[in-house]
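I opened my notebook to get to know a new structure. Here is what I looked up, entry by entry; do follow along.

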Amino acid sequence: MTRSGPGGHRQGQPSTDEAPLVAIVDDDASVRQSARRLIRSFGYRAEAFASGEDFLASASAARTACLVLDVRMPNMDGLEVQRRLAGSGVRIPIVFLTGRASDDEERRARSAGAVEFLRKPVGTATLLRVLQDPEVRLNHDHDA
């Protein structure tokens with residue numbers, strides 16, 4: 001049986017303009033590229049940003065259905081991106097994906113509303129499960 005992604009598209013098929021947008025913010029170029037390819041293979045649209053500042057300044061921030069966010073980055077860390085979004089009233093489900101983070105950083109991220117906190121490396125099935133979780137709302141009308 002073939003599993004379908006958003007909008008009834010088969011996994012592995014190119015995403016469409018109607019598919020939800022997943023933004024990836026990570027200072028590691030290889031992580032950004034591989035996460036973007038993987039998320040697109042699930043049938044979602046994906047855009048990648050090298051920094052929190054780049055994401056927050058982009059027009060994509062207002063259209064993002066889910067944010068996959070690294071914790072430790074130069075200049076503005078993921079927790080600060082999360083704080084700024086909340087402070088401006090933007091409510092985007094945030095999935096933290098990090099190679100190294102303290103238990104305190106995880107606690108702070110979750111208490112501020114992160115829907116998931118994953119440690120790298122993350123398997124394909126795990127990431128797909130998280131993106132399909134009802135709390136992330138990628139398979140539902142997130143504007144309702």
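Entry: I began with Glu80, which is partly exposed at a relative accessible area of 23%. A note to keep in mind is that this is a predicted model. Which side chain does Glu80 meet in a salt bridge? I found Arg83, with 2.9 Å from N to O.

**Entry: a pair between two elements.** Next I turned to Asp103 and Arg119, which form a salt bridge whose closest N and O atoms are 3.8 Å apart. Asp103 belongs to helix H4 (residues 103-111) and Arg119 to strand E5, so this pair ties together parts that are 16 residues apart in sequence. Are these two buried or exposed? Asp103 is exposed, with a relative accessible area of 62%, while Arg119 is partly exposed at 34%.

Entry: I stayed with the charged residues and checked Arg110. Its side chain meets that of Glu116 in a salt bridge, 3.2 Å from N to O. Arg110 is partly exposed, at 37% relative accessibility. Glu116 has a value of 17%, so it counts as buried, the limit being under 20%. Which residues are linked in a network of salt bridges? I wrote down Asp103, Glu106, Arg110, Glu116 and Arg119. For the whole model, the count comes to 12 salt bridges.

Entry: Then I traced the strands. In what order do they lie? I read an open sheet of 5 strands, E2-E1-E3-E4-E5, with parallel pairing. Strand E2 (45-49) and strand E5 (116-119) stand at the edges with a single partner strand each, so one side of each has no neighbour in the sheet. On average, neighbouring strands are turned by 20° against each other, direction ignored.

I picked one pairing to look at in detail. Strand E3 (residues 64-69) and strand E4 (residues 94-98) pair in the parallel sense over 3 bridges. Within this pairing, Leu69 has Phe96 in E4 as its bridge partner.

**Entry: helices on the sheet.** Which strands does helix H1 touch? H1 (residues 29-41) packs on the sheet and touches E1 (21-25), E2 and E3. The direction of H1 makes about 170° with that of E2. I also looked up helix H5 (residues 124-132), which lies across E3, E4 and E5. H5 runs at about 170° to E5.

**Entry: one residue up close.** I finished with Thr64, which lies in strand E3. Its relative accessible area is 7%, so Thr64 is buried, again by the limit of under 20%. What does the side chain of Thr64 reach? I found the backbone oxygen of Ser60, at 2.7 Å. Leaving out residues up to four places away in sequence, Thr64 touches Leu21, Ala23, Phe55 and Ile92.

Key: Residues are numbered from 1 along each chain as its sequence is written. This is a predicted model: local features need pLDDT of at least 70, side-chain atom pairs count only at pLDDT 80 or more; totals for chains, interfaces and linings use all residues. Side-chain values use heavy atoms; hydrogens and water are left out. Two strands pair if DSSP finds at least two bridges between them. Helices (H or I, at least four residues) and strands (E, at least two) are DSSP runs, numbered from the N terminus. Axes are lines fitted to C-alpha atoms, for helices over the stretch in contact, and angles run from 0 to 180 degrees between N-to-C directions. Contact means heavy atoms within 4.5 Å. Buried means under 20% relative accessible area, exposed over 50%, partly exposed in between (1.4 Å probe, protein chains only). A polar contact is a pair of N or O atoms within 3.5 Å; within protein, one must be able to donate a hydrogen and the other to accept it, and residues adjacent in sequence count only if both atoms are side-chain atoms. A salt bridge is a side-chain nitrogen of Lys or Arg within 4 Å of a carboxyl oxygen of Asp or Glu.
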